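Please examine the sequence and the structure before reading on.

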Amino acid sequence: MTFSIHGLAVARGIAIGRAVLVASSRVDVAHYFIEPEQVTAEVARIAQARDAVIEEIRRLHQNMPKDAPPELAALLDVHLMLLQDEMLANDVKHWIKDRLYNAEWALTSQLEIVARQFDEMEDPYLRERKGDLEQVVERLLRSMKGLPSAMPTPSAVKRPGSTRQQDLLLDDHLDVPLVLVAHDLSPADMLQFKQSVFAGFVTDVGGKTSHTAIVARSLDIPAVVGARNASHLVKQDDWVIIDGDAGVMIVDPSPIILAEYGFKQRQAQVERERLSRLRHTPAVTLDGQKVELLANIEMPEDSPAALAVGAVGVGLFRSEFLFMGREGQLPDEEEQYQAYRRAVEGMKGLPVTIRTVDIGADKPLDRQAKDEAHLNPALGLRAIRWSLADPAMFLTQLRAILRAAAHGQVHLLIPMLAHGREIRQTLALLDHARVQLDNRGLAYGPLKIGAMIEVPAAALSVKLFLRYFDFLSIGTNDLIQYTLAIDRADELVAHLYDPLHPAVLRLVADTISESVAQGKGVSVCGEMAGDPALTRLLLGLGLRSFSMHPTQILAVKQEILRADTQRLKVWAQSVLESDEPANLINT
Ligand code: PEP
Ligand code: MG
C-alpha cells in the first residue's frame, strides 16, 4: 500500500530505489560494499567474533561471584543461546554473500529485521528479548573492532526463552539504486557514506541545518531529515521515492506515481545539465559587481568537486571531520599537516580557508562523547571553547595549518568566538605555535586570520572583531540557532528556524555593512549562502563573497548573473524594515 512520510527537505532532487535500513548502534559501524573475493574472509570475521564473545561469556559465567543475582546467569545463557543460533548466523551470511555488505553492516541489517520480529511478538517476555539481541550484536561489533565487549546490565530477566527466526525472502538486486533509511546518522557516518553508492537518505531526526543534513547536501543526493518514524514504518527492501525538494518519502509507490517521479527525475537532470554550462562564466552581476563564489568542504578530497563547478577558493574547510569517529584518537600534527596540504595543493593556487576544529553539539568526536555530552551541548564546550580548553591539542592544529600555509594561500578561521579574551588567547596561541615551529626549524607560511560570526554577542561586537581580524565569515546556521534559541538539530522546533527573522537579518546586515565600511573582507558561509532564494537579498545587503557546498554554486551563480545590485540595495532595505521579510522575498 502506498503511503508517504513527511520530513524536512535538505538536499534537492528525486531518488527512486530500495530501502536499506541502517540500525543505530552504540558502536560506530562501517557500511561499505565488499568485493566478491572478500566474502569468505568477511564471513570468517563474524565467526571469529562469535567464538571470541562465546568464550568471553562462558568465562564470565564461570567466574560469577557466588552472591551474584540468579538473573545474571540466566541473562548470560540467553546471550549464549542467541550467539549459537545457526539460523541467525545463516541470515547474517546472506547479507554478505548476496548483497556484498561488509560484516558489520550485515550484522546490523539482520538485527533490524529480527528486532522487528521481536516487536511483533504477542508474548511480552519474548518481546523483551529484543534488548538481549541488541546487546549480543553490540558485543560482536565491539569484538570485531578489537574493543572489550561490555558487561551486560542485568535487565529484568524472568526466565530464559528462545528466539524465533523467519526466513529472509530477499531477491538479489545489486543493480537497483539503494536509499538509506536510518533513525539517526552522525556527521561522521554521513562522511563514510560519501564513498558509498546510496542514491538518497532519510533520517527520523535532524533539522535543516543539522550537520548531518549539511553533509547530505554536500553529497548532492536527495535527502529528507526529521521524518519522525520513517525507520519504523519502512521495511528493508521496500521500494521508496525520496522527493528532496518537497521533503517527502513515498513508500511502495504505485506505477502511476513511479512514472510521475521518473519524469521529474529526468527534468531535474536536464536542469542540472543546463546549469553546468555556467561553470566557466564569471560571477558578475548585471551592473558589473564581481562576486566571489567559494566552496565549503569537509575533506581534502572534496577539492576537485569545488574546482569542477568553478569555485574560486575554499571559504570553509570544516577541519573537525578529520577528528571525528576515531575513538578519541586525535590526528597528530603530521597527519593534519598532510591533510591541509592536500586541500591546499588540490585547490591549485586558490585560497583555502581552514576553520579550526568545531567539535561539540551535534558534531561529537564519537558516539561515546555523544553519550557523555552535557545537558546542553550547543551551549557547552564547543568549537573554540573546546580548543582553548586543550591548548596542546589546539597548538598542534595551529602548527599543522601554519605549515600547510607554506604550500599555498591559507586563511585561518576561528569558530564561535564571543569574548574579547577568547580572541586574545587564540591569537597568543597562534604566536606561540609560530615560535614552536621556529624552534623546530620547520617552514611555515603567512596566514590571513578571520573570525566566524556565529553568536549574537559576536555580531553585536563586530567593531571589536574587526580590530583583531583580517576578515569575518558569518556562520548563519549557528547565528540563527543562537539568536532564536532553536536547536538546529531538533526537528521538533525546525519550523521556528527562520533565516528571515528580522533579528537575524539585522545581525547579518550590520556585520556586512560594518566590515565593508572598514574595507575588510566579509563572507557568509552558513547554509543561507547556498540558498538561491536568498542570493538577491544578500547581494542587496552588500555581500560579495558567498561560501557554500560546491553542489549549490551554479544555482547561486545563475541568480547573480540576473541581479542588479543597485536595485537590490533599495529593496533589501525595505526587507530589513519589514515585520514579515519572508513575504517580500519571492516578489
Ligand atoms: C555555521 O554555523 O553557519 C557554519 C558555517 O558552521 P557549521 O555549520 O559547521 O556550524
Ligand atoms: Mg557554526
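A polar contact is a pair of N or O atoms within 3.5 Å; within protein, one must be able to donate a hydrogen and the other to accept it, and residues adjacent in sequence count only if both atoms are side-chain atoms. The model is predicted, so local features need pLDDT of at least 70 and side-chain atom pairs count only at pLDDT 80 or more, while totals for chains, interfaces and linings use all residues. Residues are numbered from 1 along each chain as its sequence is written, chains are lettered from A and ligands numbered from 1 in the order in which they are written, and side-chain values use heavy atoms, with hydrogens and water left out.

Q: Which residues come nearest to ligand 1?
A: A residue is near a molecule if one of its heavy atoms lies within 4 Å of it. There are 17 residues around ligand 1, and those that come nearest are Arg-318, Arg-355, Gly-475, Asn-477 and Arg-488.

Q: How far is an oxygen atom of ligand 1 from an N or O atom in the side chain of Glu-454?
A: For Arg-355, a polar side-chain atom lies 2.8 Å from an oxygen atom of the ligand. For Asp-478, a side-chain N or O atom is 2.9 Å from a ligand oxygen. For Glu-454, the distance is 2.9 Å.

Q: What area is buried between domain 1 and domain 3?
A: An automatic or database assignment sets the domain bounds, giving domain 1 as 3-19 + 152-275 and domain 3 as 284-475 + 520-585. Contact means heavy atoms within 4.5 Å, and 17 residues of domain 1 are in contact with 19 residues of domain 3. Buried area is the accessible area (1.4 Å probe) that two parts lose on being put together, summed over both. Carbon and sulfur atoms give 59% of this area, which is about 1,500 Å².

Q: Which residue forms a salt bridge with Arg-217?
A: A salt bridge is a side-chain nitrogen of Lys or Arg within 4 Å of a carboxyl oxygen of Asp or Glu. Between domain 1 and domain 3 the count is one salt bridge. With the closest N and O atoms 2.0 Å apart, the partner of Arg-217 is Glu-527.
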